[in-house]
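Good morning, and thank you for joining this group meeting. Please take a moment to look at the structure on the screen before I describe it.

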Amino acid sequence: MLSGADWRGLPGVAYLGSDGRFVINPPAPKVADLDGLPFMARDTLERYLKKYGPPLPASLEFGRGCTYRCTFCTVRSFEALQPGPHHRQRSVESVVAEIRWLHERYGITEFNFEDDNLVVPSRAGRDKLHRLAEALKSLGFPLSFTFFCRPDAVEPELFRHLTEAGLCGVYLGIESVYGPDLEFFNKGLTLEAVYRALGTLAGLGFSPAVGARRRLMLGYIMWHPLSSFEQLRTSIRFIREQRAPPKLARRALRLYTGIPVKARLERLGLLDPSRPSGWCYADPRLACLEAAVNRYFSAVNEVRDRVRTVEKAVERYGRSGPASAGMAPIREELDGRCLDFFEEACDVAEGLGSAGPTLEARVGELEAERLADLAQYLDRGGVSARLDAAFRELDLPPTALDLFRK
Ligand code: SF4
């Protein structure tokens with residue numbers, strides 16, 4: 001293009017032709033040798049460093065693609081758009097060179113690997129990560145990093161080694177702790193493998209609970225067309241046991257273009273373009289339940305976000321006062337109220353044989369009662385006033401909710 005040659009023949013280019021029709025050229029083959037690419041542009045990182053200052057994490061890419069075929073996931077179909085292997089990785093040397101460069105140039109010590117699935121489930125894949133851990137340990141500056149992986153990749157020896165090298169957060173794609181869901185999603189996982197991974201990670205200090213020594217972020221799909229009361233209750237018990245944030249209970253299946261589950265739902269007659277989600281429930285009672293849960297959780301979250309903002313600010317600034325210290329009991333109370341409401345609403349919805357106005361009315365009554373209880377707790381219990389005082393005490397700007405959201 002720079003030389004002025006005709007670009008219309010370039011692979012992957014789409015344009016409006018002179019006859020008014022779109023022309024989409026076939027895609028270029030994938031870049032097989034990722035080491036041959038320059039390090040990614042860091043203009044956004046520079047902008048954020050200017051705006052917020054250090055410490056900030058930098059994103060990194062170890063590899064691209066994934067070899068699995070989970071039915072809700074776009075990665076495989078996205079990768080299939082271009083000819084070439086479904087998954088490829090850079091060398092350890094290339095990744096470590098980029099980490100060293102980021103540290104020397106910007107002072108970065110926190111790194112987030114953005115690969116959809118970092119750990120290749122083979123001996124060679126694990127050996128490579130052992131080599132990465134060794135190389136990171138010998139870099140000569142303290143660093144921490146996070147990545148995404150599957151539960152069956154969590155091998156104790158490998159994760160112990162990675163943790164020694166600075167692994168401080170894992171995004172673990174479990175998706176469900178209800179056996180039939182794992183089949184529906186074609187995860188290729190057993191519940192035993194999921195719980196084994198959770199146990200291994202717990203032994204290394206990883207937990208989804210607020211304040212855990214190391215962060216465990218769970219990939220979870222609570223609501224989907226084949227959801228059932230049994231599955232929802234199992235998930236809520238799991239969230240309680242793990243002390244995971246209740247927001248996990250709001251995650252719903254998203255129908256991205258090209259995902260395999262669409263064809264199955266079409267066969268089952270569960271696609272519904274009139275709904276924002278694009279699908280409907282096999283058990284229509286769940287639509288009313290999900291809507292009520294979302295409304296109640298949103299109301300609680302307005303307060304919970306403020307609590308978390310105060311907690312994160314205290315952690316970041318290393319100072320607190322009478323109003324801002326010790327927010328955990330309030331947060332735990334709010335989380336408990338969410339999960340209690342979820343279970344109570346399940347009882348009401350399951351107790352009624354079918355969807356309809358009676359179900360809407362009963363769930364609505366329960367919601368109104370619990371929202372009134374919440375308002376009482378916030379006002380008479382002094383929680384709202386305390387949060388106002390905590391914001392003043394820490395001198396938090398109105399934008400603090402956004403600043404500390406992640
Ligand atoms: S969900 Fe994870 S493991 Fe499954 S296909 Fe997508 S990236 Fe791969």
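Predicted model: local features only at pLDDT ≥ 70, side-chain atom pairs only at ≥ 80, totals over all residues.

**A walk through the model**

Strand S7 covers residues 144–149 and strand S8 covers residues 167–175; the two pair in the parallel sense, over 5 bridges.

In what order do the strands of the open sheet follow one another? The order is S3-S6-S7-S8-S10-S9, which gives 6 strands with parallel pairing. At the edges stand strand S3 (57–60) and strand S9 (206–207); each has a single partner strand, so one side of each is left without a neighbour in the sheet.

Which residues of S3 lie on the covered face, and which on the uncovered one? Ala-58 and Leu-60 form the covered face, whereas Pro-57 and Ser-59 form the uncovered one.

I now turn to the ligand. The residues that surround the ligand are Cys-66, Tyr-68, Cys-70, Cys-73, Val-75, Arg-76, Asp-116, Asn-117, Arg-150 and Gly-173. Sorted by class, this shell contains 5 nonpolar, 2 polar and 3 charged residues.

Next, a residue in a helix. Ala-375 is part of helix H12, which spans residues 357–379. Is Ala-375 buried or exposed? Ala-375 counts as exposed, because it has 12 C-beta neighbours inside 10 Å, and a residue is called exposed at 12 or fewer. Ala-375 and Val-300 are 75 residues apart along the chain, and 9.7 Å separates their C-alpha atoms.

Finally, let us consider the chain as a whole. The chain has 14 helices and 10 strands. Its C-alpha atoms fill a box of roughly 70 × 55 × 50 Å along the principal axes. For 406 residues, a compact globule would have a radius of gyration near 22 Å, and the 24 Å of this chain agrees with that. Of the 406 residues, 30% are buried. Among contacts between residues at least 6 apart in sequence, 71% join residues at least 24 apart.

Thank you for your attention.

Conventions
Residues numbered from 1 in each chain as written. Near = placed C-beta within 6 Å. Nonpolar A, V, L, I, M, F, W, Y, C, P; charged D, E, K, R; others polar. Helix = DSSP H or I, 4+ residues; strand = E, 2+ residues; numbered from the N terminus. Rg over C-alpha atoms; globule rule 2.2 N^0.38 Å. Buried ≥ 20, exposed ≤ 12 C-beta atoms within 10 Å, placed from the backbone. Contact = placed C-beta atoms within 7 Å. Pairing = 2+ DSSP bridges.
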